[in-house]
Amino acid sequence: MDALTFLRADHEAVLAMLESLEGPPPHDRERLAARQETATALVRVESQHESIEEEVFWPAVRRALDDGDELADHAIEQETQAKLLLQTLEDHDAGSSDFEEALDRFIPAAREHIAYEEHTVWPALWARLDPEHRAALGEMLGAGHTTAPTRPHPHISPAAGIQGTVGVVAAALDKMRDKATGRGKAQPPEPPSV
């Protein structure tokens, strides 16, 4: 599977979660618990997605495109701001003012970032990569997904080398925390197989 098919599946999962989270918080406990579970899945999917992009995708954009540094820098700035909001979602309960304010800011920012990737970056990158490179990039993204952090870690550098080392350690710790707290039971949608 090529890289954009892989990334598009993550984007579609995120957009579906954003749609279900949009709007005011419910008042009954059951629906509020469902909102919390969806937000936890969103944090997991986004954390893994952004990590593998920083480790694999944005370096490929930098190498392949003349304006790749500018495109990647803009996207990484968006992702860094998103991680701060995701951390707030992680740290607070659904329905709390901090959670809801962060969610209200995250939803449009996430949609803007997805649109930037899909309409600005992807067409330019796809015009430069042959099918073999697209498939190889997809395989690298898929492999990275299994070792990516499940929490945002906004203070870890987005540099590819850091993501490939410190990010792997953070991912291992995240997965241990998920298991110990039961957080891992609410699994986000699985990425497509590569």
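# How do you know that?

Me: Why is Glu22 called partly exposed?
Reply: Glu22 has a relative accessible area of 43%. Buried would need under 20% and exposed over 50%, so Glu22 falls in between and counts as partly exposed. Keep in mind that this is a predicted model, so the value is computed from predicted atoms.

Me: Okay, what makes Arg111 and Glu22 a salt bridge?
Reply: Their closest N and O atoms are 2.8 Å apart. The cut-off is 4 Å between a side-chain nitrogen of Lys or Arg and a carboxyl oxygen of Asp or Glu, so this pair qualifies. Arg111 is partly exposed too, at 30% relative accessible area.

Me: How do you know that this pair links distant parts of the chain?
Reply: Look at where the two residues sit: Arg111 is in helix 4, while Glu22 is in the loop between helix 1 (3-21) and helix 2 (29-64). They are 89 residues apart.

Me: How many salt bridges does a search of the whole structure find?
Reply: Six.

Me: What makes Arg62, Asp69 and Asp73 a network?
Reply: Arg62 has a salt bridge with Asp69 at 3.2 Å, N to O, and Asp73 meets Arg62 in another at 2.7 Å. Both distances are within 4 Å, so both pairs count. Arg62 takes part in each bridge, and the three residues end up linked in a network.

Me: Which parts does the Asp73 and Arg62 pair tie together?
Reply: Asp73 belongs to helix 3 (residues 68-91) and Arg62 to helix 2, so the bridge joins parts 11 residues apart in sequence.

Me: Which residues touch the most other members of the largest nonpolar core?
Reply: Phe57, Trp58, Val61, Val121, Leu125, Leu137 and Leu141, out of 25 residues in that core. Helices 1, 2, 3, 4 and 5 each supply at least two residues, and helix 2 gives the largest share, seven. A second, separate core has 22 residues, including Leu18, Leu42, Leu85 and Ala110.

Me: What is Val121 in contact with, leaving aside neighbours within four places in sequence?
Reply: Phe57, Trp58, Val61, Leu71 and Tyr116.

Me: How do you know that the buried residues of helix 5 are on the same side?
Reply: The buried ones are Leu137, Gly138, Leu141, Gly142, Gly144 and His145. They cover an arc of only 165 degrees around the axis, so they share a side of helix 5. Glu132, Glu139 and Thr146 are exposed on the other side. Helix 1, helix 2 and helix 4 are among what covers the buried residues.

Me: How does the reach of helix 5 compare with what is expected?
Reply: Helix 5 has 17 residues and reaches 25 Å from its first C-alpha to its last, close to the expected 24 Å. The expected span is 1.5 Å times one less than the number of residues.

Me: Which helix has the lowest mean pLDDT, and which the highest?
Reply: Helix 6 (residues 160-181) has the lowest, 61, and helix 4 (residues 97-128) the highest, 97. Over residues 188-194 the pLDDT is below 50. The chain averages 86, and 80% of the residues score at least 70.

How values were computed
Residues are numbered from 1 along each chain as its sequence is written. Side-chain values use heavy atoms; hydrogens and water are left out. pLDDT is the predictor's confidence in each residue, from 0 to 100. Helices (H or I, at least four residues) and strands (E, at least two) are DSSP runs, numbered from the N terminus. Contact means heavy atoms within 4.5 Å. Buried means under 20% relative accessible area, exposed over 50%, partly exposed in between (1.4 Å probe, protein chains only). A nonpolar core is a set of buried Ala, Val, Leu, Ile, Met, Phe, Trp, Tyr and Cys residues joined through side-chain atoms within 4.5 Å. The arc is that of the directions from the helix axis to the C-beta atoms.
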